[in-house]
Amino acid sequence: METAQVAIFISIVSACIAGISLGWNIYRDVIIKPKVDITFGVRTIVTVGSDDHPKYVIITATNFGPGATTISMIQARYAPLWRKLIRKVRNAVIIHDYENPLSGQLPSKLEVGDKIDLLLPYDENCLLKEEWTHIGVWDYFGKSHWAKVRHIKEARERWLRDFGSQT
């Protein structure tokens, strides 16, 4: 009788281990999605031997994992608290400069540790002309990754200093 009890005990323990393993695999492959860090700002491109130093709005997306992800588009949202309460959030998709050889191209697959720099024009009609509360990228998992609000405010303040009087 003791042999049967030992066999049942081993079967129960192995079933528990298999259940934990199955749960971990589902959690790892289905629930955990890669974290993408977004930086946003107005930057100057300096070229050696040239007096022309153009400014761009640059969105940098860095994949911190786990696993690869594909960035599909740039998006913006105007969603202050009062607009959230009355459900009048305004969304936009932003098309980046596909002709600029310095800019990354979308869609872009990012392995863990990879990054992409997306350049947008910085002029009187750039995306900073409108007030956005969120700017970020969207991945193929349907997840939005947003830049820090502080970065967006700093870029908007710089745009207002440079072009605010012209509008």
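Which side chain makes a polar contact with the side chain of His145? Let's work through that and two more exercises.

This is a predicted model, so local features need pLDDT of at least 70 and side-chain atom pairs count only at pLDDT 80 or more, while totals for chains, interfaces and linings use all residues. Residues are numbered from 1 along each chain as its sequence is written, and side-chain values use heavy atoms, with hydrogens and water left out.

**Exercise 1. Find the polar partner of His145.**

Step 1: Look for N or O atoms within 3.5 Å; within protein, one must be able to donate a hydrogen and the other to accept it, and residues adjacent in sequence count only if both atoms are side-chain atoms.

**Exercise 2. Decide whether His145 is buried or exposed.**

Step 1: Buried means under 20% relative accessible area, exposed over 50%, and partly exposed in between (1.4 Å probe, protein chains only).
Step 2: His145 has a value of 4%, so it's buried.

**Exercise 3. Describe how β7 and β8 are arranged.**

Step 1: Strands are DSSP runs (E, at least two residues), numbered from the N terminus. His145 sits in β8, residues 144-146.
Step 2: Two strands pair if DSSP finds at least two bridges between them. β7 and β8 have 3, in the antiparallel sense, and Val137 stands opposite His145.
Step 3: On another side, β7 runs antiparallel to β3, joined by 6 bridges.

Conventions:
Helices (H or I, at least four residues) and strands (E, at least two) are DSSP runs, numbered from the N terminus.
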